[in-house]
Amino acid sequence: MKSVLKFLPAATLAVGLALSAVPAAAQQQAAPPKASPAAIAAAKEILQIKNAGAMYAGAVPGLVEKTKVALIQQNLNYQKDLNEVAPIVAKQLEGRQNEIGEGMAQIYASEFTEQELKDLVVFYKSPLGQKLITAEPRAIGLSMAFMNSWAQNFSETVMGAFRAEMRKRGKEI
């Protein structure tokens, strides 16, 4: 569980970017079809087992802060007021991040059958499923670091290939 929490700031940022980057009409169109209550319950159990709530726990304060910063940039004269208003807005909207969890459960329930979701619950409760939950964030982090390192090294190879081809044309880059 601690390894999941390491990625919380990045996950919060990702949620913020995802919510702010998608137009409202596209967000509404992306609503998954309604699933059975049992499928939704199983999906919620999976998300709880995987501690998915940690991904979006800071979504409300994060978006409030992002909005405050944007508003301050638009009018520096309101900085003091906006700094005072931000905690009020955050308090008013507290708990709304749970809408993310509800939406995620709907998505899971629309992507998997009820039986598949129940099978996943059993799997995630098994020793291997628990190991996956514990080890996967680290494996993903290490994989991302490896991919970044590979891309950096490979970009040098690509640049070398471009230079070689351009030299054949009598041009140095």
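Along the sequence, the chain runs α-α-α-α-α-α-α-α-α-α. The model is predicted: local features need pLDDT of at least 70, side-chain atom pairs count only at pLDDT 80 or more, and totals for chains, interfaces and linings use all residues. Residues are numbered from 1 along each chain as its sequence is written, and side-chain values use heavy atoms, without hydrogens and water.

Of the 173 residues, 20% are buried (under 20% relative accessible area; exposed is over 50%, partly exposed in between; 1.4 Å probe, protein chains only). Contacts are heavy atoms within 4.5 Å. Among those between residues at least 6 apart in sequence, 81% join residues at least 24 apart.

Helix 4 (residues 37-49) meets helix 8 (residues 98-111). Their axes, lines fitted to C-alpha atoms over the stretch in contact, come within 8 Å. They cross at roughly 115° (angles run from 0 to 180 degrees between N-to-C directions).

The structure holds three aromatic pairs (ring centres of Phe, Tyr and Trp, its six-membered ring, within 6.5 Å). Tryptophan 150 and phenylalanine 154 form a stacked one (planes under 30 degrees apart; over 60 is edge-to-face, the rest tilted). Their centres lie 4.7 Å apart, with 10° between the planes. Both belong to helix 10 (residues 127-168); being four residues apart, they are separated by about one helical turn. Tryptophan 150 is partly exposed, at 47% relative accessible area. Phenylalanine 154 is also partly exposed, at 38%.

Terms used
Helices (H or I, at least four residues) and strands (E, at least two) are DSSP runs, numbered from the N terminus.
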